[in-house]
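I opened the structure viewer and kept notes. The entries follow in the order in which I looked things up.

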Amino acid sequence: RVHGHIHQRCIDVFRRHLLGPTTKPQITVIQAIRAIVQFAQSSAAVTKLNCDPVAVAYLQAFGPDIILLLHRERKNQAQHRERTEEANEGREEAQIEGIKVLVLAVQLSSPEFRKPLMSIVIPTIVSQLEVSHYSVQQISLQSTILLASSFPEIFREVVGLLSPHLRQLLASATKSQSSNNSQSSNQTKVENQENISVKKQPTIQLKSDFGHFV
């Protein structure tokens, strides 16, 4: 009973700061939630449990709040693009940490609950591709790709149910990423060829120079 009371007080304090207006406490709370869940789950692995009850409790308690926070921040950014760079930096970190918790929740979910959970988490993460922060866009795309490769069948079903707007966002981000990877690969090939040419040049020059002494 004492432990349950302390646990509930922790949840109440966390929620108050998570849903509050100040960015720093929000980031601290989300990081603490992720650390608690990861530690609890590592302990569960040692004891051969599928999922630790503490991890489940924190994810159930704060998953909806984090989803609400991410949607709220996306809307706020669209309405208040004039916010200072410092303020944006704090919001950016909160979004990134929130996305990481949602991915962790999917990874630790039981098979019977995974599809309903992904049907909520995937649209939330994909919607973050719309924000102005490049780092948030990157973590959103990387997280989406990670979930797609981890649970491909469920992912295909969930993506098929996305709104046309979110599907377009995901398609554009994926296409842009592929284009950037292709350009990077081509640039690497060009640089490698240039390096080979530079390395070969002294050898050719030496042979040419030696020819004068024959």
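I started at proline 25. This residue is partly exposed because its relative accessible area is 25%, and the class runs between buried (under 20% relative accessible area) and exposed (over 50%), with a 1.4 Å probe and protein chains only. I found proline 25 in helix α2.

Two notes on the source. I am working on a predicted model, where local features need pLDDT of at least 70, side-chain atom pairs count only at pLDDT 80 or more, and totals for chains, interfaces and linings use all residues. I number residues from 1 along each chain as its sequence is written, and side-chain values use heavy atoms, with hydrogens and water left out.

Next, the fold. I counted eight helices and zero strands; helices are DSSP runs of H or I with at least four residues, strands are runs of E with at least two, and numbering starts at the N terminus. The order from the N terminus on reads α-α-α-α-α-α-α-α. Of the 214 residues, 36% count as buried. I checked contacts (heavy atoms within 4.5 Å). Among those with a separation of 6 or more, 67% join residues 24 or more positions apart. The accessible surface is about 13500 Å², and carbon and sulfur atoms hold 58% of that area; the method is Shrake-Rupley with a 1.4 Å probe.

I stayed with helix α2, residues 23-46, for serine 42. Serine 42 has 39% relative accessibility, so I logged this residue as partly exposed. Its C-alpha lies 8.5 Å from that of aspartate 52, which is 10 residues away in sequence.

Is glutamate 97 buried or exposed? Glutamate 97 counts as buried because its relative accessibility is 7%. I placed this residue in helix α4. Leaving out residues up to four places away in sequence, glutamate 97 touches Ile30, Gln31 and Arg34.

Alanine 78 came next, in helix α3. Its relative accessibility is 47%, so alanine 78 is partly exposed. I read 8.6 Å between its C-alpha and that of serine 132, 54 residues apart along the chain.

Which residues of helix α7 (residues 152-160) are buried? I listed Ile154, Phe155, Val158 and Val159. They sit on the same side of α7 because their arc around the axis is only 130°; the arc is taken from the directions from the helix axis to the C-beta atoms. An α-helix has 3.6 residues a turn, so residues three or four places apart point the same way. On the other side of α7, I noted Glu153, Arg156 and Gly160 as exposed.

The largest pocket has a volume of about 560 Å³. Of its 21 lining residues, Gln60, Ala105, Ser109, Phe113 and Leu117 are the closest to the centre. A pocket here is an open set of points on a 1 Å grid over the protein atoms alone, where a 1.4 Å probe fits, with protein on both sides within 12 Å along at least five of seven lines; lining residues have an atom within 4 Å of a point. The volume is the space filled by probe spheres set on the points, joined across faces, edges and corners. Helices α3 (53-79), α4 (85-108) and α5 (111-127) each give at least two residues to this lining. I sorted the lining into 15 nonpolar, six polar and no charged residues.

Technical notes
Nonpolar A, V, L, I, M, F, W, Y, C, P; charged D, E, K, R; others polar.
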